[in-house]
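Here is a short report on one protein model. Look over the sequence and the structure first, then read on.

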Amino acid sequence: MMLEKVSMNPSRRKLLRVVGVFGKDEKQLREESGLNDFFFKYSMDFLLKENLLKLEDGVYRLTDPGIALHDSVC
C-alpha cells in the first residue's frame, strides 16, 4: 500500500478524520463526511480493502495502520 496516495485523496482523508479515535456508524459517517453516495462507497471500499478501517458491531473503526495514517494526515 502506498500511503502517499491515500493521504492525497481528500475524500479518504475526510473519512479518516470523521471516524477518528472513537469510530462512527455508517449513518454518522455519511452525514458528517458530506460525500455523495459514489465517493462515499468508493472511498469506504478502498479504506476497508487497504485495512485502514474495520467494521465491528456496526461501527467503523480505524485499524492500527489507519491510526498511523490518521495521525499523519489529520
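Arg30 and Glu26 lie 4 residues apart in helix α3 (residues 26-33), so about one helical turn separates them. Helices here are DSSP runs of H or I with at least four residues, strands are runs of E with at least two, and both are numbered from the N terminus. The two residues form a salt bridge, with their closest N and O atoms 3.0 Å apart. A salt bridge means a side-chain nitrogen of Lys or Arg within 4 Å of a carboxyl oxygen of Asp or Glu.

Both partners are partly exposed. Arg30 has 30% relative accessibility, and Glu26 has 34%. The cut-offs are these: buried is under 20% relative accessible area, exposed is over 50%, and partly exposed is in between (1.4 Å probe, protein chains only). The whole structure has 8 salt bridges.

## What kind of model this is

This is a predicted model, in which local features need pLDDT of at least 70 and side-chain atom pairs count only at pLDDT 80 or more, while totals for chains, interfaces and linings use all residues. Residues are numbered from 1 along each chain as its sequence is written, and side-chain values use heavy atoms, with hydrogens and water left out.

## The overall plan

The protein has 5 helices and 2 strands. From the N terminus, the order is α-α-α-α-β-β-α. Of its 74 residues, 36% are buried.

Contact means heavy atoms within 4.5 Å. Take the contacts between residues at least 6 apart in sequence: 53% of them join residues at least 24 apart.

## The hairpin

β1 (53-56) and β2 (59-62) pair in the antiparallel sense over 4 bridges. Strands count as paired if DSSP finds at least two bridges between them. The two strands form a hairpin with 2 residues between them. In the turn, Asp57 has a positive phi of about 50°.

Which residue of β2 is the bridge partner of Lys54? The partner is Arg61. Charged side chains meet here too. Lys54 and Glu56 form a salt bridge at 3.5 Å, N to O. Glu56 also forms a salt bridge with Arg61, where the closest N and O atoms are 3.3 Å apart.

## The nonpolar core

In soluble globular proteins, nonpolar side chains tend to be buried together. Here the largest nonpolar core has 14 residues. Such a core is a set of buried Ala, Val, Leu, Ile, Met, Phe, Trp, Tyr and Cys residues joined through side-chain atoms within 4.5 Å. Leu15, Leu16, Leu29, Phe40, Met44, Leu47 and Leu53 have the most contacts inside it. α2 (10-19), α4 and β2 each supply at least two core residues. The largest share, 4 residues, comes from α2.

Setting aside residues up to four places away in sequence, Leu15 touches Leu29, Ser33, Leu35, Phe40, Ser43, Met44 and Leu47. Ser33, one of these, sits in helix α3. Is Ser33 buried or exposed? Ser33 counts as buried, because its relative accessibility is 1%. Beyond its neighbours within four places in sequence, Ser33 contacts Lys14, Leu15, Val18 and Phe40.

## The surface

The protein exposes about 4,700 Å², and carbon and sulfur atoms supply 54% of it. Accessible areas come from the Shrake-Rupley method with a 1.4 Å probe; for residues, only the protein chains shown count as cover. Phe38, Phe39 and Tyr42 make a nonpolar surface patch of about 340 Å². Patches are made of residues with over 30% relative accessible area and no salt bridge; like charges are joined within 9 Å, and nonpolar side chains (Val, Leu, Ile, Met, Phe, Trp, Tyr) within 5 Å. Phe39 is in helix α4 and is partly exposed, at 39% relative accessibility.

Glu50 lies in the loop between α4 (37-49) and β1. Glu50 is partly exposed, at 21% relative accessibility. Pro65 is 15 residues away along the chain, and the C-alpha atoms of Glu50 and Pro65 are 9.1 Å apart.
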